Amino acid sequence: MSSWTPHLPALQVVVPLMTAPLAVLMPDRRLSWALATAASLCALAIAIVLVGEVRDQGNIVYEMGLWAPPYGIALGVDAMSALLLLVVTGASSFALLAAPTSLSHEVGHERQSYFYAAWLLALAGLSGILVTADAFNIFVFMEISSLSAYILIAGGPDRRALPAVFKYLVMGTIGATFYLIGVGLVYMMTGTLNLADMELRLADVGDVKPILVAAGFITVGLALKAAIFPLHVWLPNAYTFAPNVVTVFLAACATKISIYVLIRFDFFVFQGNLTAHDWQFSYFLMPLAVLGILVASTVAIFESNLKRLLAWSSVAQIGYIMLGASLVSAAGLTASMLHMFNHALAKGTAFLALSCLALSVSRLDIKNIGGVARRMPWTMAAFVVGGLSLIGVPGTAGFISKWYLISATLDMGNLAPALIAVILLGSVMAVVYVWRVVEIAYFGQGAGTITDDYIQEAPLAILIPTWIAVLLNIWFGLTPALPVELSTSAAELLMEHLR
Amino acid sequence: MEFLGLYNYWIAVVLLMSGFYAVIAKRNLVKKLIGLSLFQAAVFLLYITMGKVEGGTAPIFTSASAEQIFSNPLPQVLILTAIVVGISTTALGLAIVVRTKEEYSTIEEDEIQQMDCQENVASE
């Protein structure tokens with residue numbers, strides 16, 4: 001075992017990448033599923049070991065093929081990537097455990113082995129972004145994960161998935177190409193693609209104007225991929241019409257990985273080398289974050305399709321993550337990292353509950369679920385816990401990150417009262433949109449009330465992963481030591497690069 | 001003259017903006033994809049052009065060529081990868097257009113949006 005551990009950063013990508021073609025070759029969809037789930041659980045195990053190593057020994061650097069950086073491509077895992085590796089592999093594993101029950105309603109049996117292959121490629125791409133230390137590698141992995149995400153979303157049963165995914169494809173490609181332009185400009189000025197090397201060499205660059213332009217391209221391109229308001233227009237429909245388990249997977253981690261790249265690139269490369277860049281970063285992203293929280297929460301309140309409601313809530317939660325980052329302080333970045341982790345838990349749980357609900361309720365609309373909690377008590381209870389975590393009620397994971405976010409804004413002087421008001425208002429709006437669903441599901445009567453006998457509790461095969469996610473929400477709400485420790489050291493790592 | 005001397009960058013910029021314009025302004029899905037390909041191709045050119053050294057040859061290292069000037073091969077290698085990504089994106093985009101045509105019997109964005117709106121109203 002011990003001789004394997006140095007290779008874990010590479011295996012994190014290689015395992016799902018190599019299992020993907022095998023999943024296609026399997027003669028039966030159940031075997032493909034078993035293989036995909038085994039690979040995903042294996043990736044989760046690798047991520048857990050890596051988290052342990054990062055906590056014990058600090059950053060891990062892996063030289064691909066023993067070529068020393070900056071000439072060879074290096075992989076690196078630090079607290080920030082370890083935390084998100086947990087999110088990505090965890091989300092993938094939970095969603096895959098729920099997949100066979102949920103998918104049989106949505107994706108034809110003969111197409112399912114291809115579906116699992118695309119899933120594994122998405123997993124490989126997302127983990128690849130997290131482990132690599134090379135700017136161009138990030139682009140390639142980003143496109144691997146995005147292309148497979150388009151395929152997964154296009155597999156949705158509703159034909160409206162197609163225009164939704166086309167929009168996502170166009171906007172995602174523009175985002176990735178913007179990132180490529182930015183990397184090209186930095187490469188032009190420095191002649192390197194290794195992030196750490198870039199930072200060093202940028203210090204000797206005389207004319208910083210191209211670097212500033214590169215920072216602009218990279219920020220906007222990744223903001224498109226991360227669905228930061230107002231570049232979020234692809235997100236609601238893509239999440240709504242994707243197969244339910246795909247929404248669980250992507251909503252929990254896909255946009256967060258782009259935010260990870262955005263924060264990492266900006267702090268590791270640009271913050272140390274551009275004058276007043278912390279200022280630019282802050283004043284560009286903070287208004288967008290605040291607007292995102294307020295506008296998207298408002299839309300969510302008036303939305304009647306349950307999946308789209310949660311998708312709009314995701315846009316708002318991305319606002320919280322960016323708000324934390326835009327404070328450019330250790331406390332703010334800690335809150336931002338924590339919220340990535342906790343929001344993945346909360347939103348994953350809520351979407352898992354919706355996947356259970358979709359097994360019995362034909363259309364996930366607020367008008368169709370009157371009194372459904374009487375028939376499906378476990379499903380709706382899971383939704384309630386996910387919702388509480390989303391709101392940030394004490395005792396759930398969501399509370400911890402909101403708490404850290406509010407205490408981080410306290411250092412902001414004049415802005416503090418306004419920012420705290422925005423966070424609290426956003427939380428109140430979350431209470432409203434979660435309560436609307438809960439009220440109708442528990443107390444709904446009159447028109448649209450569920451009376452049919454065929455509506456019954458979801459099978460155990462999907463309830464068990466859902467409830468493990470529910471318990472994790474409460475577990476990390478009561479004992480947040482692990483994510484807090486990782487977030488804090490990630491924030492310290494980022495702040496070291498500040499000018 | 002410096003303004004014109006950088007004509008290779010200007011070509012990339014013009015291509016980039018024409019492609020971007022087509023993506024935004026055209027309502028036909030295939031035309032949008034053509035714009036997207038143009039947009040990506042412009043970035044490929046930007047990379048290739050920055051690796052070019054005037055009078056440089058191919059970077060094949062022999063004892064006789066030790067004194068020669070080489071063009072930087074790395075951007076070309078990078079772009080080889082980016083071209084593969086671009087082709088996959090275009091292929092996937094076209095596949096989605098084919099599926100759209102099957103389901104909606106049109107590839108005009110306006111008409112698709114109209115049909116979707118009706119569907120949304122009907123489902124409420």
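**Close-up views of a predicted two-chain model**

View 1. Residues are numbered from 1 along each chain as its sequence is written, and chains are lettered from A and ligands numbered from 1 in the order in which they are written. Helices (H or I, at least four residues) and strands (E, at least two) are DSSP runs, numbered from the N terminus. Among the buried residues of H15(A) are Phe399(A), Lys402(A), Tyr404(A) and Leu405(A), and the buried residues of this helix pack against H12, H13, H14, H16 and H17 of chain A. The end C-alpha atoms of H15(A) are 19 Å apart, which agrees with the 18 Å that its 13 residues should span at 1.5 Å a residue, the expected span being 1.5 Å times one less than the number of residues.

**View 2. H15(A) meets H17(A) at an angle.** Helix H15 (residues 397-409) and H17 of chain A pack at about 40°, with their axes 6 Å apart; axes are lines fitted to C-alpha atoms, for helices over the stretch in contact, and angles run from 0 to 180 degrees between N-to-C directions. That makes H15(A) oblique to H17(A), since angles under 35 degrees count as roughly parallel, over 145 as roughly antiparallel, 65 to 115 as roughly perpendicular and the rest as oblique. Ala397(A), Phe399(A) and Ile400(A) of H15(A) make the contact with Asn473(A), Phe476(A) and Gly477(A) of H17(A), where contact requires C-beta atoms, placed from the backbone, to lie within 7 Å. These residues divide into four nonpolar, two polar and no charged; Ala, Val, Leu, Ile, Met, Phe, Trp, Tyr, Cys and Pro count as nonpolar, Asp, Glu, Lys and Arg as charged, and the others, Gly among them, as polar.

**View 3. H6(A) lies at the boundary with chain B.** In this complex, 23 residues of chain A are in contact with 27 residues of chain B, and H6(A) gives the most to the side of chain A that touches chain B, with 13 residues. The residues of that side divide into 16 nonpolar, three polar and four charged. H6(A) is itself mostly covered, with 28 of its 30 residues buried, and it is followed by Gly191(A), whose phi is positive, near 75°. The predictor gives the complex an ipTM of 0.93 and a pTM of 0.93.

**View 4. Two loops of chain A hold residues with positive phi.** Leu66(A), although not a glycine, has a positive phi of about 60°, and its place is in the loop between strands E1 and E2 of chain A. With 7 C-beta neighbours inside 10 Å, Leu66(A) counts as exposed. Val328(A), in the loop between H12 and H13 of chain A, has a positive phi near 45°, but this residue is buried, with 21 other C-beta atoms within 10 Å.

Terms used
Predicted model: local features only at pLDDT ≥ 70, side-chain atom pairs only at ≥ 80, totals over all residues. Buried ≥ 20, exposed ≤ 12 C-beta atoms within 10 Å, placed from the backbone. Contact = placed C-beta atoms within 7 Å.
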